Amino acid sequence: MLPIAAPPIRDGWVDVADGRVSAVGSDRGAANDFRDLGHVAILPGLVNAHTHLELSHLDAQIPPGNDFVAWIRAVVATRRNNSDPRAAHIVDAVQSGIAQAVRCGTAVVGDISNTLVPFDWLARSPLAGVVFYELIRFNAPEPAGFVDQARRQLSALIETDRIRASLAAHAPYSVAPMVFRAIRQAVDQKANVPYSVHLSESADEVEFIGTGGGQWRSFLEGVGAWDPNWRAPGGSPVQYLEECGFLGPQLLAVHGVQMTSADLARLAAHGATLVTCPRSNVRTGAGVPPVTQFYRSGVRVAVGTDSLASTPDLNVFAELAELRRLAPDVPASKLLDSATRQGARALGFEADYGTIEPRKRARLLAVSVPDRVDDVEEYLVSGIQPDQIQWLDSGAF
Ligand SMILES: [Zn+2]
């Protein structure tokens, strides 16, 4: 058993009452009222800290490439052809994305949405999580009013004890500095509300923030979103968001492919969480994330799959296998911690998810492990498939 909050327990047991963990231990002794699960690893349900369920219909629609801006152009064009977010094929894809995430062992998601369509489907699903209403507005004459309107839309949603809503900014090249400030002010009005941004994903973003030029400038001009009063801040995207007052302990900064050690140290100093989505980064042409550096920097690291537009599936175990491939020197226990406890903490669900401890929800996985395996943690980051995964609470969430 992998409690995550403590080292692995060989032949461990867990007691559950009313859907919550009541006790955890080793050596059941002479007790005979337990169920032997066989050769399995028990661990908390995983946390996919960054995905976009509403893009599930783009599954395999956008070919991989090595030019990130071209990849985004392809996504924008394809979404334009699917302009009704409540169209049946889009809603069906959201539902099958949710079902797939559950089959792959996910308990909690950080879901980015421009339409809020996934909110109700998530509320009816076994998943817990945060739906981040993502704002995109580079030329924003009324930044406070723009963010206020988004807040009003959020307040019309009915949150549950498992599904909450918050705000996200899309990225430094697509959101005005005053919109970043207004989002931070809005989320700070309630305690412990997470918020998110795609940050330092591509070299084009670094160039744009540093010089004001490059492909993002032409993109913004091309779509009529350029702000002639905007001046390049210089420095890195992380420095820029620090100047905008956007960095803080509730921030999920997603990707970080282009972050330097100084950027990572800055994020760590603010207590922010870096969410890495390595398979997506390779597929979109953003580049290979410096995973070893992430862990060396001391920043909190969580894991996301990103959307089905940029990844072949929503399996966080597959993301862990990619992290292992990119960073053979990072202990498996750290990678597993990222995919459970760190994600739950970042999304504000640490009281209920992320570890196996008394009083937490018993949303636990049993992963079948071959007899020959000795190092279970290493095995769990080697690429677990859905057919190896069983939910122990069998639907009682
Ligand atoms: Zn994303």
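Which hand does the crossing have where helix 1 passes helix 7? I opened my notebook with that one, keeping in mind that this model is predicted.

**Entry 1: two helices**

I looked up helix 1, residues 68-80, and helix 7, residues 215-222. Helix 1 passes helix 7 in a right-handed crossing, and that settles my opening question. I then checked the axes: they come within 10 Å and cross at roughly 25°. Angles under 35 degrees count as roughly parallel, so I noted helix 1 as roughly parallel to helix 7.

**Entry 2: who touches whom**

Next I listed the residues that make this contact. From helix 1 I wrote down Phe 68, Val 69, Ile 72, Arg 73 and Val 76. Sorting the residues of the contact gave me six nonpolar, two polar and one charged.

**Entry 3: the zinc ion**

Which residues coordinate the zinc ion? I found His 50, His 52 and His 198, each through NE2, at 2.0 to 2.2 Å. Along the chain, the donors follow the spacing H-x1-H-x145-H. I placed His 50 in strand 4 (residues 46-51) and His 198 in strand 8 (residues 195-199), so this pair ties together parts that are 148 residues apart in sequence.

**Entry 4: buried or exposed?**

Are His 50 and His 198 buried or exposed? Buried means under 20% relative accessible area. His 50 has a value of 1%, so I marked His 50 as buried. His 198 comes out at 6%, so I put His 198 down as buried too.

Definitions and conventions: Residues numbered from 1 in each chain as written. Predicted model: local features only at pLDDT ≥ 70, side-chain atom pairs only at ≥ 80, totals over all residues. Heavy atoms only, no water. Axes fitted to C-alpha atoms, helices over the stretch in contact; angles between N-to-C directions. Helix = DSSP H or I, 4+ residues; strand = E, 2+ residues; numbered from the N terminus. Parallel < 35°, antiparallel > 145°, perpendicular 65-115°, else oblique. Left-handed = near helix turned anticlockwise from the far one by under 90°. Contact = heavy atoms within 4.5 Å. Nonpolar A, V, L, I, M, F, W, Y, C, P; charged D, E, K, R; others polar. Donors = N, O, S within 2.8 Å, 3.2 Å for Na, K, Ca; no water. Buried < 20%, exposed > 50% of the residue type's maximum accessible area, 1.4 Å probe, protein only.
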